[in-house]
Amino acid sequence: MSTNSEGHERVRIFDTTLRDGEQSPGAAMTHQEKIEVAELLDAMGVDIIEAGFPISSVGDFEAVNEIAKRTKNAVICGLSRAGFKDIDRAGEALKPAKRFRIHTFISTSPVHMKHKLQMGPNAVLDAVGASVVRARNFTDDVQWSAEDATRTEADFLCRCVELAIRSGATTINIPDTVGYTTPQEYVALIQMLRNRVPDADKVIFSTHCHNDLGLAVANSLAGIIGGARQVECTVNGIGERAGNAALEEIVMALKVRKDAMAFTTGIDTRMLARASKLVSNVTGFPVQYNKAIVGKNAFSHESGIHQDGMLKNVETYEIMRPEDVGVKETSLVLGKLSGRHAFREKLSSLGYDLSDEAFAETFRRFKALADRKKHVFDEDIVALVDDGVIRGKDTISVQSLKIETGIGVAPAAEMTLSVDGEIRSGKTTGDGAVDAVFAVIRTLYPHPAHLQLFQVQAVTEGTDAQANVSVRLEENGRTVTGRAADTDTLVAAAYAYVNALNKLLVKRTKQAPEALTVAR
Ligand code: KIV
Ligand code: ZN
């Protein structure tokens, strides 16, 4: 049992943003984005990063493999079903990691066994033993999950867990796959397994709670009370359907209420806000304003009574400080006279360590922004860097854009695109200026993708604020989200659309032929 100086027991944080989170519709990330998220999770102190599901696509395999090579501290984990092909592929992808874990799972509930697996209980038991033994050929760190555990018959769950432990699993995960359980039930379930299963004290029990009834975080905390010492969660709670338990909420609940729950995590909570922004940017999923811990309004006090109390003593209405989770007062930082040195210092204070090439390009874009925008805030710089990361080396790029619009004017967009080095120009009208921009892109680069979402968010206050635009495209069942920031919303819209097209192109070349559907 590992405890800190206050005698609080350590709970491991297992982040599955890149696996359970990323596989939810519309949340797909590029290879580069996954690496960026993994680096931040590692720096933040996540214990285990589930980097993907290697057999599901060549793209997932490559991302897991690259994250395995680069990660400094965290254990890197890859998901696999019970089949040997899955397990071997995960083992291969994870091989370069300093420390890695194979996570193998199979459904155990009557409804899943009958309708999804079409397997009887004995065949499932055989698969449990065989899959764990196979995974142990690659590593001593094997996690076994009973998919749909909370709807599994208790005696059968005990038999499966016992067999997984006997076969060599070191972590036992008890997923509430469909977000059905309640805190009372979940405490009792974890306690029951720990009391009844032989050698249960030799393994770590883990929670994995979905949020269909809005209970994912409460259930995860209940699991810890019941004896689990690993929590599976995602940044911003992203994930299939209503999502997974939110990492930032679990971590802050344990930190703020350590008087009630004597547990600790290894997370540097001052990085939570940045992780939230990064994941929101790369997925295009906005964070709701009133979201606990990382929402825009989580620390704002609008009503007079609250403001008055806050001025007298912040503890009247604040149970944690904004800086504890990395939220800073918006600060005026740099202007058009700021030089390279000041810019580098600012980047490093924001936690960025760019290569010389990336720095030179970001500095050039900062100067261009400072020419157009009087005040350059921290948020503007974060948007600039993130925007640079996503554009990378693109096949399609916008060379020029001119827009005509106004009352009584037919909106039109005139654009030049470079497509794999070939220059294409044209002009198209539309129902509005944004429609005209997207129409001219479709004319210059015909493609079957459908627009699913167009979303604009101001990076800072004021009319000269940069606009952060997200564009979600869907093609043959695959969705990608492009994004871009610019002081001109229409320019950002054009860049974001083209960014999404570039992502589709990458996916087209990387996706494996057979797609898998996995219940999460
Ligand atoms: O929700 C779930 O059951 C899962 C498993 C694959 C662990 O995501
Ligand atoms: Zn899941």
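Author: Start with exposure: a residue is buried under 20% relative accessible area, exposed over 50%, and partly exposed in between. Keep in mind that this is a predicted model. K427 has a relative accessible area of 49%, so by that cut-off K427 is partly exposed.

Reader: With which residue does K427 form a salt bridge?

Author: In general, a salt bridge is a side-chain nitrogen of Lys or Arg within 4 Å of a carboxyl oxygen of Asp or Glu. Here the partner of K427 is E404, and the closest N and O atoms are 2.9 Å apart. The two residues link distant parts of the chain: E404 belongs to strand β13 (residues 396–404) and K427 to strand β15 (residues 422–429), 23 residues apart. E404 is partly exposed, at a relative accessible area of 35%.

Reader: How many salt bridges are there by this rule?

Author: The count is 31 salt bridges. One of them joins the side chains of R134 and D88, at 2.7 Å from N to O. R134 sits in helix α6 (residues 121–136) and D88 in helix α4 (residues 84–94), so far as sequence goes 46 residues apart. Relative accessibility is 26% for R134, which is partly exposed, and 24% for D88, also partly exposed.

Reader: Where do R196 and D155 lie?

Author: The side chains of R196 and D155 meet in a salt bridge of 2.7 Å, N to O. R196 is in helix α8 (residues 183–196) and D155 in helix α7 (residues 154–167), so this pair ties together parts that are 41 residues apart in sequence. R196 is partly exposed at 45% relative accessibility, and D155 is partly exposed at 43%.

Reader: How should I read a metal site, and which residues coordinate the zinc ion (ligand 2)?

Author: List the donor atoms, then ask where their residues lie in the chain. The zinc ion (ligand 2) is coordinated by D20 through OD and by H208 and H210 through NE2, at 2.1 Å. Along the chain these donors follow the spacing D-x187-H-x1-H. D20 is in helix α1 (residues 17–21), while H210 is in the loop between β8 (204–209) and α9 (216–226), so the pair ties together parts that are 190 residues apart in sequence.

Reader: Are D20 and H210 buried or exposed?

Author: D20 is buried, and H210 is buried too.

Reader: What is in contact with Q143, leaving aside its neighbours within four places in sequence?

Author: A contact list shows which parts of the chain a residue meets in the fold. With those neighbours left aside, Q143 is in contact with F14, R101, I102, H103, T104, T171, N173, Q230 and E232. Q143 lies in strand β6 (residues 142–147). Its relative accessible area is 0%, so Q143 counts as buried under the 20% cut-off.

Reader: Which residues make the nonpolar surface patch of about 230 Å²?

Author: For a patch, the residues need over 30% relative accessible area, and nonpolar side chains are joined within 5 Å. L451, F454 and V456 make this one, of about 230 Å². F454 is located in strand β16 (residues 450–458). With a relative accessible area of 34%, F454 is partly exposed.

Conventions
Residues numbered from 1 in each chain as written. Chains lettered and ligands numbered in written order. Predicted model: local features only at pLDDT ≥ 70, side-chain atom pairs only at ≥ 80, totals over all residues. Heavy atoms only, no water. Patch = residues over 30% accessible without salt bridge, like charges linked within 9 Å, V, L, I, M, F, W, Y side chains within 5 Å. Areas by Shrake-Rupley, 256 points an atom, 1.4 Å probe, with all protein chains shown as cover. Helix = DSSP H or I, 4+ residues; strand = E, 2+ residues; numbered from the N terminus. Buried < 20%, exposed > 50% of the residue type's maximum accessible area, 1.4 Å probe, protein only. Contact = heavy atoms within 4.5 Å. Donors = N, O, S within 2.8 Å, 3.2 Å for Na, K, Ca; no water.
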